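Here is a short briefing for a first look at this protein. Look over the sequence and the model, then read on.

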Amino acid sequence: MANLKEIRNRIVTVSSTMQITSAMKMVSAAKLKKAQDAITAMRPYADKLTELLQSLSASLDADSGSKYSDKRELKKVLVVAVTSNRGLCGAFNSNIIKQSIVLANETYAGAQVDFMAIGKKGNDILGKKHHVIANHSGLFDTLTFDNVATIAEDLMERFTTGEYDRIEMVYNKFKNAATQIVMTEQFLPIVPVEGTEGSSGDYIFEPSKVEIVEQLIPKSLKTQLYKGIRDSFASEHGARMTAMHKATDNATELRDQLKLTYNKARQAAITNEILEIVGGAEALSN
């Protein structure tokens with residue numbers, strides 16, 4: 001009977017876990033819808049703004065250039081790793097951390113690589129072996145454009161003052177609830193689009209092209225960072241919903257197996273008791 005009690009306790013534990021994972025799945029599904037709508041609506045604007053900026057910056061290279069497109073020898077690189085504050089979302093965080101470490105150990109092996117963490121998980125793991133200059137874990141509590149813009153301004157200042165020669169951003173791009181794509185984007189300096197040199201001659205600029213670019217660049221960079229974090233935010237809920245769905249399915253399967261084991265053990269115990277009773281009755285009759 002002790003074995004039956006143990007199996008019974010396991011069934012209760014697995015059932016409780018299944019209820020938790022099922023509830024987390026539904027919560028993530030509700031949050032995902034809102035986050036998905038936000039990034040879907042924002043993407044066309046952000047992509048077009050970035051395309052316009054890159055095109056204009058390319059045409060300025062021969063004229064006056066821009067402090068945001070200044071290419072320097074890579075001595076110090078900053079990697080902005082966008083993770084989440086919580087786990088239970090599959091490989092969502094580990095993929096970003098792995099890619100960030102690859103950038104530090106392989107891509108920029110000859111330079112000093114520092115990290116800026118957006119998300120508690122990235123800060124906790126990267127901070128053990130690498131230098132994390134800042135942690136913006138609280139950003140997800142109030143994810144607004146103004147809050148992200150403050151971080152973008154800090155990054156722009158670090159680049160223009162020469163503190164860092166290149167800034168990379170690593171985040172999960174949202175494709176669908178089951179698929180997130182690890183993206184590595186060069187935040188600064190701005191990368192001109194190939195083949196755009198001279199193409200701006202078809203346009204008349206008012207005010208001057210230089211003034212437009214200087215006003216457009218900060219706005220575009222803030223939008224780019226906001227889009228990346230929004231992408232990551234939607235990806236997190238999609239990854240957690242998928243992970244909790246699989247966990248619920250596994251818990252259901254385990255519970256059914258335990259119930260089958262319990263019924264077999266109970267049936268064996270009852271059969272054994274009947275055999276003992278029958279054996280005792282025969283002994284008394286003899």
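What covers the buried residues of helix 2? The cover includes strand 1 (76–82), strand 2 (112–118), helix 3 (120–129), strand 4 (166–176), strand 5 (179–188) and helix 5 (209–285). Covering rests on contact, meaning heavy atoms within 4.5 Å. This is a predicted model: local features need pLDDT of at least 70, side-chain atom pairs count only at pLDDT 80 or more, and totals for chains, interfaces and linings use all residues. Residues are numbered from 1 along each chain as its sequence is written, and side-chain values use heavy atoms, with hydrogens and water left out.

**Overall build**

- The protein has five helices and five strands. Helices (H or I, at least four residues) and strands (E, at least two) are DSSP runs, numbered from the N terminus.
- Along the sequence, the pattern reads α-β-α-β-α-β-α-β-β-α.
- The radius of gyration is 29 Å, well over the 19 Å that the globule rule gives for 286 residues, so the protein is more spread out than a compact globule. This radius is taken over C-alpha atoms, and the rule is 2.2 Å times the number of residues to the power 0.38.
- Along the principal axes, the C-alpha atoms fill a box of roughly 115 × 40 × 30 Å.

**Burial and contacts**

- Of the 286 residues, 42% are buried. Buried means under 20% relative accessible area, exposed over 50%, and partly exposed in between (1.4 Å probe, protein chains only).
- Among contacts between residues at least 6 apart in sequence, 79% join residues at least 24 apart.

**Helix 2**

- Helix 2 covers residues 92–107. Its 16 residues should span 22 Å at 1.5 Å a residue, and its end C-alpha atoms are 22 Å apart, which agrees. The expected span is 1.5 Å times one less than the number of residues.
- F92, N93, I96, I97, S100, L103 and A104 are its buried residues.
- Seen down the axis of helix 2, these buried residues fall within an arc of 125 degrees, so they line one face. The arc is that of the directions from the helix axis to the C-beta atoms.
- On the other side of helix 2, K98 and E106 are exposed.

**Helix 4**

- Helix 4 (residues 145–160) has 16 residues. From first C-alpha to last, helix 4 reaches 22 Å, close to the 22 Å expected.
- Its buried residues are V148, A149, I151, A152, L155, M156, R158 and F159.
- Their cover includes strand 1, strand 2, strand 3 (132–135), strand 4, strand 5 and helix 5.
- G162 follows helix 4, with a positive phi near 85 degrees.
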